[in-house]
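Thanks for letting me look over this one.

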Amino acid sequence: MLVSYNWLKDFLNMDGVDPYALAEKLTRSGVEIASTVHPEDGLSKLVVGHILTCEKIEGTHLNKTTVDVGEDEARQIVCGAPNVAAGQDVIVALPGAHLPGGIKIKKGKLRGIESNGMICGLQELGFSDSVVPPKYADGIWVFHDPDLKPGDSVFAALGMDDYVLDFDITPNRADTSSMEGAAYEVGALIDQKPKIEDVVLKEDGADWTGDFTAVADEKIAPKYYLRKLTGVKIAESPLWLQVRLWNAGIRPINNVVDATNYVMLLTGQPMHAYDAKLFDKTKKIEVRLAKEGEKLQLLNEKEIDLDPQDIVITDGEQAVGLAGVMGGLNSEVTEETTDVILEAAVFDPALTRKAALRHDNRTDASALFEKGINWDNTQKALDICALILRANAGATVLAGEIKASDLDKEAVVITTTASRTNKILGTDLSMDEIVKILGKLNFPVAVNGDEYTVTVPNRRWDIFIDSDIFEEVGRIYGYDNIKSTHPATGELIGGYAADEVKVRHLRQLLEGQGLSETINYSLTSEELATTFVKKALAPVKVNWPLNSARTTMRQNLICGLLDTVAYNFARKQTELQLFENGRVYDMEGGDYHEHEHLAAAYVGLAGESNWQHKDEVVDFYYVKGQLEDVFEMIGVKDVEYRAEAIKGMHPTRTAGIYVNDEYIGLIGQISPVLTMTDKNFAGKEIYVYELNLDALLPLMAKGVKSKPAPKYPAVQRDLSILVDEDVTNAQVESCIKENAGKYLVSVEVIDVYQGAHLAAGKKSLAYRLTFLNEAETLTDAVVTKATDNVQAALEEKLEANIR
Amino acid sequence: MDLFDRLKDLREQGLAEIKEAESEKSLNDVRVKLVGKKGELTQILHQMKDVAPEKRREVGQKVNELRDLFNEKLASAKDNLIEKAIEARLEAEKIDVTLPGRRKHVGSKHPIRIIQDDLERFFIGMSYQVVQGPEIESEHYNFEMLNLPKDHPARDMQATFYVDADHLLRSQTSPVQARTMEKHDFDKGDLKMISPGKVYRRDDDDATHSHQFMQMEGLVVGKNISLSDLKGTLELVAKHEFGQDRETRLRPSYFPFTEPSVEMDVSCFECGGKGCAICKNTGWIEVLGAGIVHPNVLSAAGIDPSVYSGFAFGLGLDRFAILKYGIDDIRDFYSDDVRFLQQFRQEED
Ligand SMILES: [Zn+2]
């Protein structure tokens, strides 16, 4: 809502009220003011000129004019506007004038003819195209005001001396979407009661209600009032009214349309004017829900198929308007219109909102209806509109009005206490202060001890409960005046849930390993959502996805990391070590599930490349080593890696990760089928791991129980064996661990060889076994016995040759 | 030449030779020659019989003095040579210390996480619990429990991702409020919680919109919680996050689940309040929304609004990061260019 400071003077004494200070006050206490605009700012030397002569310049579209601008001599000005003519009062920019956009007017010559200024259209003064009256849209502006004299500044006449406050209204404060509503709000803040006057309309025509019927269903149109006027002469509205419209962002059209818009701005009550001729045949108006198959062409010429939930205005047979949204083209007021029927009504907010949305046709009127309007303003709006039409269009107001529905709204009455008000606001206001504040809002209050009762006027339909009253008291008292305190909640212990601490610890560990944290989108394609998982579950898909790449909630984090890899590759960033911690989502047994995951992706070199050529390229074992470090740091033991085929992963370079036979994640290379075919990845080897933290977190060590460092030396023995190439390290290690006795503390692979020096189908493995007895020095005999056992077991179980 | 002259010559010659020896080996040769068992000094002693008896004592004394002198000089010459050898070796080991070192990758924390972690610690310090809730949420918790009944204009189907008739991707972290209040046992004390997490809106992604972003919800419920407590708390948040010298203001606003509702602005960090493009010439930047928990929300969670009251606030972690680090495209958070991410390594957190 654009609120005119000058218009506010109709209701309030604005002397000494600085518009910018008022804007700040409103923002802090009522409605945020998005901007305060003073249209004449930066403009100068714009005056009224009277065109004395105007002659066409041969061979051009230009005219040579002489213009009286209140100086001793008339000025010669060349003008290209199609509508320029002698006798007009126009806007003249004198040489030296400043126009918007830094334009400065100079004396000059056009086609060799001297021109001492410029005759302007409204757009040249900074008016938006959307508010310039259609008649002057493609030419210069012409005044029709006999009071204007050549040489007068145009700013006051055009309302450019005004200050326009842009009320950024939240849905609950739609009561300020009118000048009267704004005046009440401003009045509360500057402690003045606004002069909101009732109107007295003396009808001057014959009664029309005898042979006209109107029917409206109270449920969809609780108030429906009509008046009829005859003898309307369509013309331009007086300038003062046009000024008020355009400063509010509304384009003046003609005296009838302007009157309805003006009344809407003034009262917040949307109005509609029908050409009465349309109803000559049926003599009837009916407000009802639309019927299946019914059609209507709106004023903006849009053809719509009506929905059974649309409220329509009909002449008893055909639709003539979409109630609360827009009138029909068939009942439009035109140049030929002489008689009009004026409508002021209250329509159901939800139905109006849905109709506007359904037909993609939101209007100022529908916006007002959907947020609610003042039920007490229907009569007044109708009567003011009639008065204006009589004044501006010479209309006769026929006697009588028709109220097809007229449901009264009872005022909301709220009783609460001063102590509760203070408790919620954290204030220390006396009853007197509270009553005074509510008085500024013009709310009647009755006091009974600590208790007070507020009767809320219908113009404030946002107020229902005591909390709403507390907000009114608080904001008018001023949030700036409220103390800053801290909640007295007694002793509470803050912190994270145990799992949250573990997740944050893991994130820190990965960051410490040199990985950059990423956050990726949860929504991906169904295909990617279900790739890179051991077992895809039922996908969670959104209705009406924004695009085909974001349809399904991810079941893995790898897909997002790959998006990030591709994005970075495209920007020539090919050394990547990334991770993400976040949720994955699936559906099982009709329930939605969310699981906390952690995943990492590695591409390129393990460290920064260097001049010593000691580069290490990331491979499976590098990434596995990093992951093993993580497990070490969180105290997760006995992790098993089982070669496994997983969709999207390299079939022979991928392992499922298990602890106690429970699957907790995967590690491996992204399938070359994917990296070779997708040009984003340029065939690079991408290694990843992904862990299900829901499974991993319970396995994490819980605190440390310290023990002293060993006092006795450890003993190491190396063991070299020859086995079939199919034998895995895991098989050998578990055989060693099972047979080496209780003093074995570690088994380390120190060499793996397969090749020319060995028989085909064989490989050689070397291990370093470390033994330690924490109680005493180990003897050679004990260790030898242990290694003998190991050797025998390897020979027997894995057909190993000891070398 | 008598022995005294010989000793005198030997002294000069010996000292010169010690001085000239350039290696441990040649020094050793000099030592053998001068003070060895068959060395010059020994030879002089052997000639003692030719000396007059009254002079023998003096000769003996001179010889011993000279032996001591030689030994001393030999020892220090040897030390010198060893030192020189070490010096030579170290010189040969010289490297160019200005060449760059071998570097590992250095990790980085996501900028939104920096804000999140920092705020979490800040609130934990004021004894808030950090609570999580589901992202696939029911209409019941996302709307109804928050005083947004069916047909409420703010429940725009177009703006929310539904996954079935009554489940959706939460459009705010506020449903965690409702879930937490419902479960909380007020006999065990008041409730103070924050809940960070992802939220979703059906917006096309552009520089200022993202279909996914992160919020942090805060809630305090007790028997004596007031708007002034909210004001004091929010001021601390603003100063903690945006600097002690920032001014703040509360403005009336509207959220269905709070009444009164407010928004907080901080004075523009760019222009300090004079007005610039960043603050749209207002001098103020909106940072969060908050309010006193609506009685309907308390009632829905089974809490008696005539006994308990509370305040709630919601802030955008993305928005905080955008404001704090001067980021101009929200998509940067989710496309994750490593050069964008790694600049935040320098942020202390
Ligand atoms: Zn600024």
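1. A word on terms before anything else: helices (H or I, at least four residues) and strands (E, at least two) are DSSP runs, numbered from the N terminus. This is a predicted model, so please keep in mind that local features need pLDDT of at least 70, that side-chain atom pairs count only at pLDDT 80 or more, and that totals for chains, interfaces and linings use all residues. Residues are numbered from 1 along each chain as its sequence is written, chains are lettered from A and ligands numbered from 1 in the order in which they are written, and side-chain values use heavy atoms, with hydrogens and water left out.

2. Let me begin with chain A. Chain A holds 20 helices and 41 strands. Its radius of gyration is 42 Å, well over the 28 Å that the globule rule gives for 803 residues, so chain A is more spread out than a compact globule. (The radius of gyration is taken over C-alpha atoms, and the globule rule is 2.2 Å times the number of residues to the power 0.38.) The C-alpha trace of chain A spans about 125 × 85 × 60 Å along its principal axes.

3. The domains of chain A come next, with bounds from an automatic or database domain assignment. Domain 1 covers 2–38 + 163–189, domain 2 covers 44–157 and domain 3 covers 213–406. Domain 4 runs over 412–476, domain 5 over 498–699 and domain 6 over 715–802.

4. How do domain 1 and domain 4 of chain A meet? In contact (heavy atoms within 4.5 Å) are 10 residues of domain 1 of chain A and 10 residues of domain 4 of chain A. The C-alpha centres of these two domains of chain A lie 22 Å apart. Between them, domain 1 and domain 4 of chain A bury about 870 Å², with 51% of it on carbon and sulfur atoms. Buried area here is the accessible area (1.4 Å probe) that two parts lose on being put together, summed over both. On the side of domain 1 of chain A, the residues that lose the most area to domain 4 are A:D175, A:Y184 and A:A188, together 52% of what that side buries.

5. The rule finds two salt bridges across the interface of domain 1 and domain 4 of chain A. Three residue pairs are in polar contact between these domains of chain A (both at pLDDT 80 or more). A polar contact is a pair of N or O atoms within 3.5 Å; within protein, one must be able to donate a hydrogen and the other to accept it, and residues adjacent in sequence count only if both atoms are side-chain atoms. Helix α4 (residues 179–190) of chain A gives the most to the domain 1 side, with four residues.

6. Over all chains, the count comes to 62 salt bridges. One pair to inspect is A:R244 and A:D10, whose side chains meet at 2.9 Å, N to O. A:R244 lies in helix α5 (residues 239–247) of chain A and A:D10 in the loop between α1 (5–8) and α2 (19–29) of chain A, so the pair ties together parts that are 234 residues apart in sequence.

7. Chain B has 12 helices and 10 strands. The C-alpha atoms of chain B fill a box of roughly 135 × 45 × 45 Å along the principal axes. Chain B is divided into domain 1 (3–92) and domain 2 (111–347), and the C-alpha centres of these two domains of chain B lie 92 Å apart.

8. Now to the interface between the chains. Here 92 residues of chain B are in contact with 86 residues of chain A. The area buried between chain B and chain A is about 7900 Å², of which carbon and sulfur atoms give 52%. In chain B, B:R102, B:H105 and B:P252 lose the most area to chain A, together 9% of what that side buries.

9. Across the interface of chain B and chain A the rule finds seven salt bridges and 47 residue pairs in polar contact (both at pLDDT 80 or more). Helix α8 (residues 227–242) of chain B supplies the largest share of the chain B side, eight residues.

10. Two backbone details to check. A:K45, in strand β3 (residues 44–56) of chain A, has phi near 55°, a positive value in a residue other than glycine. The peptide bond from B:E259 to B:P260 is cis, with omega near -5°, and B:P260 lies in strand β8 (residues 258–267) of chain B.

Technical notes. Salt bridge = Lys/Arg side-chain N within 4 Å of Asp/Glu carboxyl O.
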